[in-house]
Amino acid sequence: QVQLVESGGGLVQAGGSLRLSCTASGRSFTSLTMGWFRQAPGKERDVVATISRAGGITYYADSVKGRSTISRDTAKNTVYLQMNSLKPEDTAVYYCAARNGGFDTTALSYSYWGQGTQVTVSS
């Protein structure tokens with residue numbers, strides 16, 4: 001089993017920045033592909049960004065490309081999502097997720113999920 005604990009959400013004004021963190025435990029961090037997903041009220045859970053086990057491959061949704069950076073720190077078993085130039089449409093619950101094995105960007109392929117952290121961007 002893998003446990004994921006997120007932090008870093010909150011209320012921010014449009015144009016501001018936030019960094020989300022997610023610390024994993026229970027399994028070798030380097031065996032896990034990691035991802036960030038988000039879900040707004042009444043909408044499906046969508047991918048935001050994903051990162052491969054070694055960190056060499058990343059994927060970003062078009063909606064956040066150029067404004068966000070996903071990274072991972074093996075020494076801390078932590079994955080980060082730096083979000084800049086935030087927009088009201090970025091408002092959602094953000095979930096950290098992990099999967100055993102190779103790179104993937106689809107939510108259904110991720111077996112482990114954090115509890116979610118709320119990000120609210122005011123206009």
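Mentor: From the N terminus on, the elements of the chain run β-β-β-β-β-β-β-β-β-β-β. This is a predicted model, in which local features need pLDDT of at least 70, side-chain atom pairs count only at pLDDT 80 or more, and totals for chains, interfaces and linings use all residues. Residues are numbered from 1 along each chain as its sequence is written, and side-chain values use heavy atoms, with hydrogens and water left out.

Trainee: How many helices and how many strands does the chain have?

Mentor: Helices (H or I, at least four residues) and strands (E, at least two) are DSSP runs, numbered from the N terminus. By that rule, the secondary structure comes to zero helices and eleven strands.

Trainee: Which radius of gyration does the chain have, and why does it agree with a compact globule?

Mentor: The radius is taken over C-alpha atoms, and the globule rule is 2.2 Å times the number of residues to the power 0.38. The C-alpha trace spans about 40 × 30 × 25 Å along its principal axes. Because a compact globule of 123 residues would have a radius near 14 Å, there is agreement with the value of the chain, 13 Å.

Trainee: What percentage of the 123 residues count as buried?

Mentor: Buried means under 20% relative accessible area, exposed over 50%, and partly exposed in between (1.4 Å probe, protein chains only). Of the 123 residues, the buried ones come to 44%.

Trainee: Which residues have the most contacts inside the largest nonpolar core?

Mentor: A nonpolar core is a set of buried Ala, Val, Leu, Ile, Met, Phe, Trp, Tyr and Cys residues joined through side-chain atoms within 4.5 Å. The largest one has 30 residues, and those with the most contacts inside it are Leu 4, Met 34, Trp 36, Leu 81 and Tyr 94. At least two residues of this core come from each of β3 (18-25), β4 (32-39), β5 (46-51), β8 (78-83), β9 (92-100) and β11 (117-122). To repeat the residues asked for, they are Leu 4, Met 34, Trp 36, Leu 81 and Tyr 94.

Trainee: Is Ala 92 buried or exposed?

Mentor: Ala 92 lies in strand β9. Beyond its neighbours within four places in sequence, Ala 92 is in contact (heavy atoms within 4.5 Å) with Arg 38, Gln 39, Ala 40, Thr 117, Gln 118 and Val 119. Its relative accessible area is 3%, so Ala 92 is buried.

Trainee: Where is Asn 77 found?

Mentor: Asn 77 has a positive phi of about 50 degrees although it is not a glycine. At 29% relative accessibility, Asn 77 counts as partly exposed. Setting aside neighbours within four places in sequence, its contacts are Cys 22, Thr 23, Ala 24 and Phe 29. Asn 77 is found in the loop between β7 (68-73) and β8.

Trainee: What is the phi of Ser 85?

Mentor: Ser 85 is placed in the loop between β8 and β9. With 41% relative accessibility, Ser 85 counts as partly exposed. Although Ser 85 is not a glycine, its phi is positive, at about 45 degrees.
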